[in-house]
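Q: Please walk me through some features of this model, one at a time, with the general idea first and then the case at hand.

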Amino acid sequence: MTRQVIHVAVNGVTGRMGYRQHLVRSLLGIREQGGVRLEDGTTVCPEPILVGRSEERLRAIAERHGLERWTTDLDEVLADPAVDVYFDAQVTSGREASLMRAIEAGKHVYTEKPVAGSLEGALRLARAAKTAGITHGVVHDKLFLPGVIKLRRLVGGGFFGRVLSVRLEFGYWVFEGDQIPAQRPSWNYRADEGGGIVLDMFPHWQYLLTDLFGPITALYARTATHVPRRWDESGRGFDATADDAAYAVLEFASGAFASVNSSWAVRVNRRELLELQVDGTHGSAVAGLRSCVVQHRVGTPMPVWNPDLPDPIDYLAQWTDVPDNTTFDNGFKVEWELFLKSAAEARPFTWDLAEGARGVQLASLALRSSAEGRRVDVPALAV
C-alpha cells in the first residue's frame with residue numbers, strides 16, 4: 001500500500017475554530033485514523049505545519065500534540081516546496097492577502113469563510129486560483145451536519161411536496177465582556193477588522209439554502225447593532241461598529257420564501273442554536289444541528305383560534321423524529337477528507353473559491369439592501 005504525506009500549513013491555528021475543529025478534530029483526527037484512501041489504494045495522510053502570530057501559543061500547541069514544525073513566518077512556509085496545502089482560519093481582514101500569496105506560490109488552498117471582505121476581492125481570488133490550476137476549496141461545514149443531512153433526505157425524497165417557505169433562526173447571547181467574558185473574539189464587532197454577523201454568517205446561509213432549495217433570486221435585509229458597547233479581551237471598552245443582528249427575507253427561483261434571523265443578541269428558546277423550519281404542501285420539518293422532526297399532512301392537527309380558553313393541543317408532541325440510520329462523523333473532518341483527496345489527485349473541488357465568492361455576494365447584497373432600505377436582486381455570478 002502506497003502512503004502519501006500532504007503537508008498542510010494551518011494559519012490561524014491559535015483561534016478557537018482553527019484549533020478545535022480544523023487541527024484537532026479534523027487534521028489530527030484524520031492522521032490518527034491512518035489517513036484517507038484514494039481509489040487507487042493510496043493512503044493520504046496530512047502533516048500539519050502550524051502558522052500564527054504568537055510564538056508562545058504555537059509552541060504550546062505543537063508540544064501538546066507532538067507536532068514538529070511551527071512558525072510565525074508565512075513567507076517561509078509558502079516558499080517551501082514541500083508544503084502542499086495552505087489553509088486559512090485567521091481573522092477575516094488578513095485572509096484575502098494571505099490566500100493570494102499562497103495561490104501565487106502554487107499551493108493548493110482551503111479556507112474558512114468569508115474568503116474576502118468584499119465581492120471584488122473574492123472574485124480576484126477565484127479567478128487567480130483558476131488561472132493557477134490549483135485545487136481550491138472553501139469550508140461548507142453546515143452541509144455535513146446530521147440535521148441538515150436528514151433534511152436533505154426529505155427534500156430529495158419529495159417529502160415536502162412543493163416547498164412554500166423556510167424559517168431559519170440562528171443565534172445566541174454573546175456577553176458584552178464587562179462582567180462576564182465574551183465567548184466570541186472582540187474583532188467580530190469591529191467593521192474595520194472584518195467583523196459583523198452578516199459577513200460572518202450569510203456566506204453560510206447562501207450555500208446551505210441554495211443546496212437545499214435552489215437559487216436565491218432576491219432579498220430584503222435589515223441589519224442592527226443592538227449592543228453598541230462591548231469590552232475586549234483585555235477588559236477595555238470599545239464602541240461596536242459592526243452589525244450584531246440581521247433580519248432578512250430571501251426569495252428563491254422556485255417561488256418559495258425564507259425568513260432568516262441571525263443574532264448575537266438573542267436568548268435561545270429552541271432546541272438548538274440553529275434551526276430550519278421547512279413548510280410544504282405535503283409536510284413540514286424542523287431541523288437543527290443534529291436533530292430533525294417531521295409532520296406529514298395526514299398527521300397535521302387542526303388548531304382553532306380561541307384566546308379565551310387554554311389550547312388543548314400539545315403541538316410539540318405531534319412531531320416525529322427522523323432516525324439517524326447511519327453514523328455521522330464531524331462535519332469539518334468529513335469535508336477535510338474530501339478536500340485532501342482532491343488535492344492529492346490535483347483535481348477540482350466541489351465547494352471552491354467560486355462558491356466562496358457567491359457567499360460573499362449574498363452578504364454584500366444584504367448589507368446594501370439594509371443601507372438602501374430596499375429589496376435587491378441576486379444576479380447570477382460569473383467567475
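**Reading pockets, strands and burial**

A: The second largest pocket holds about 460 Å³ of space. On a 1 Å grid over the protein atoms alone, a pocket is an open set of points with protein on both sides within 12 Å along at least five of seven lines, where lining residues have an atom within 4 Å of a point. Grid points are joined across faces, edges and corners, and the volume is the space filled by probe spheres set on the points. This is a predicted model, in which local features need pLDDT of at least 70 and side-chain atom pairs pLDDT 80 or more, while totals for chains, interfaces and linings use all residues. Residues are numbered from 1 along each chain as its sequence is written, and side-chain values use heavy atoms, with hydrogens and water left out.

Q: Which residues lie nearest the centre of the second largest pocket?

A: Of its 13 lining residues, Arg270, Glu275, Gln277, Val286 and Leu316 do. Helices (H or I, at least four residues) and strands (E, at least two) are DSSP runs, numbered from the N terminus. Strand E8 (163–171) and strand E14 (274–280) each give two or more residues to this lining, and E14 gives the most, with three.

Q: Are the faces of E6 buried or exposed?

A: Buried means under 20% relative accessible area, exposed over 50%, and partly exposed in between (1.4 Å probe, protein chains only). In E6 (residues 108–111), His108 and Tyr110 on one side and Val109 and Thr111 on the other are all buried.

Q: What do the buried residues of H4 pack against?

A: Contact means heavy atoms within 4.5 Å. The buried residues of H4, including Leu99 and Ile103, pack against elements among which are E5, E6 and H5.

How values were computed: 1 Å grid on protein atoms, 1.4 Å probe; cavity = no way out; pocket = protein on both sides within 12 Å on 5 of 7 lines; lining within 4 Å.
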